[in-house]
Amino acid sequence: MTDLDKLFERIEKDIQDTLKNEVAETVKDNLQTAIQEGVYNAYTPKLYKRRKNNGGLLDRRNMESRIDGNTLTVRDNAPLDNGRTNYALDDIIVNGLGYMPFPRDFYSECADRLDETGEHTEALKRGLKKMGYNVK
């Protein structure tokens, strides 16, 4: 292995660490905004009580981030409040399944928001700068 190979490995690891930390937190911030605006502000339910940040979709403890190569994926794994595990709450809401009145795709809303603002790119730059990289 050459010194150049070691350098590229180190850069790759630093990018993944930045994705896992700074970028994931920025995506989660934007996901929470998209959920609040697109899901919770859309209507007031009559049949159930929303958990919001107490075990619901806004609860960051339910947001899982995964790195695959240089790709970050964030998914909201908030469970159904009825104990069933054969359905995913995010899938029900995003696709408007079951008793949901209409689809509310908060993932696409989050991605669109990030495309518009570039906050995820700025988070990557910030994280790499903290590690000593000269990023423009």
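View 1. The chain exposes about 8700 Å², and carbon and sulfur atoms supply 49% of it. Accessible areas come from the Shrake-Rupley method with a 1.4 Å probe; for residues, only the protein chains shown count as cover. This is a predicted model: local features need pLDDT of at least 70, side-chain atom pairs count only at pLDDT 80 or more, and totals for chains, interfaces and linings use all residues. Residues are numbered from 1 along each chain as its sequence is written, and side-chain values use heavy atoms, with hydrogens and water left out.

**View 2. The fold along the sequence.** The chain has 4 helices and 2 strands. Helices (H or I, at least four residues) and strands (E, at least two) are DSSP runs, numbered from the N terminus. Their order is α-β-β-α-α-α. The radius of gyration, taken over C-alpha atoms, is 18 Å, well over the 14 Å that the globule rule gives for 136 residues, so the chain is more spread out than a compact globule. That rule is 2.2 Å times the number of residues to the power 0.38.

**View 3. The inside of the chain.** Of the 136 residues, 31% are buried, meaning under 20% relative accessible area; exposed means over 50%, and partly exposed lies in between (1.4 Å probe, protein chains only).

**View 4. K52 in its loop.** K52 is found between α1 (3-40) and β1 (63-68). Its phi is positive, about 45°, although K52 is not a glycine. Most residues other than glycine have a negative phi. K52 has 35% relative accessibility, so K52 counts as partly exposed.
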